[in-house]
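Please look at the sequence and the structure below. The text that follows goes through charged pairs, aromatic pairs and a surface patch.

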Amino acid sequence: MAQTRSQVIYAPSDEAPRMKSVFLSGTTDKVDTSDWREDLITSLSDVPVTLYNPYRADWDSSWREDINFTPFREQVEWELDKLVKADIVVVYFHPATQAAVSLIEFGIRAPVPGKTIVVCPEGYW
């Protein structure tokens, strides 16, 4: 069995990347039986790359999406920091969502030539 070479950093960890980094931008809504981020992480496990995954298993649906609410602010600041610092950003637009935040993240990184990979399956609005 091949040894894992990639490093995965989940929000809100402040662990330092050990190699080139990729931010995984895109829907975090559970709309499929599989998670596109986990599928990508698995497929890149033998590649020497750091993957920033903003998904949080501990996210509580009762948390307010308010910049004055500490857990929400922490999440947003973590995502923006890693989005800007990452060498590459993968943006996944799931057809079952409008992905408003992903569109904003795409807009932040789009001006940086050759640093953004967009995955947009047929059916995305």
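Glu 77 has a relative accessible area of 43% and therefore counts as partly exposed, in a model that is predicted. The side chain of Glu 77 forms a salt bridge with Arg 73, with 2.8 Å between the closest N and O atoms. Both residues belong to helix H2, and because they are 4 residues apart there, about one helical turn separates them. Arg 73 is also partly exposed, at 36% relative accessibility.

Helix H2 takes part in another charged pair. Glu 74 and Arg 56 meet in a salt bridge at 3.5 Å, N to O. Glu 74 lies in helix H2 and Arg 56 in the loop between E3 and H2, so this pair ties together parts that are 18 residues apart in sequence. How do the two partners stand in accessibility, buried or partly exposed? Glu 74 is partly exposed, at 38%, and Arg 56 is buried, at 9%, a value under the 20% cut-off. Asp 58 joins these two residues in a network of salt bridges.

A further salt bridge links the side chains of Glu 15 and Arg 18, at 3.9 Å, N to O. Here Glu 15 is partly exposed, with 36% relative accessibility, while Arg 18 is exposed, with 58%. The count of salt bridges comes to 6.

The next topic is the aromatic rings. A pair of such rings is described by the distance of the centres and the angle of the planes. The count comes to 8 aromatic pairs. In one of them, Tyr 52 and Trp 78, the ring centres are 6.1 Å apart and the planes stand at 85°, so the pair is edge-to-face. Because Tyr 52 lies in strand E3 (residues 50–53) and Trp 78 in helix H2, the contact ties together parts that are 26 residues apart in sequence. Tyr 52 is buried, with a relative accessible area of 3%, and Trp 78 is buried as well, with 6%. Elsewhere, one aromatic cluster is formed by Phe 93, Phe 106, Tyr 124 and Trp 125.

What remains is the nonpolar surface. Which residues form a nonpolar patch there? The patch consists of Leu 80, Val 84, Ile 104 and Ile 108, which together have about 360 Å² of accessible area. Helix H2 (70–85) and helix H3 (100–109) are the elements that each give two or more residues to the patch. Ile 108 is found in helix H3 and is partly exposed, with a relative accessible area of 36%.

Methods: Residues numbered from 1 in each chain as written. Predicted model: local features only at pLDDT ≥ 70, side-chain atom pairs only at ≥ 80, totals over all residues. Heavy atoms only, no water. Patch = residues over 30% accessible without salt bridge, like charges linked within 9 Å, V, L, I, M, F, W, Y side chains within 5 Å. Areas by Shrake-Rupley, 256 points an atom, 1.4 Å probe, with all protein chains shown as cover. Salt bridge = Lys/Arg side-chain N within 4 Å of Asp/Glu carboxyl O. Buried < 20%, exposed > 50% of the residue type's maximum accessible area, 1.4 Å probe, protein only. Phe/Tyr/Trp six-rings, centres within 6.5 Å; stacked < 30°, edge-to-face > 60°.
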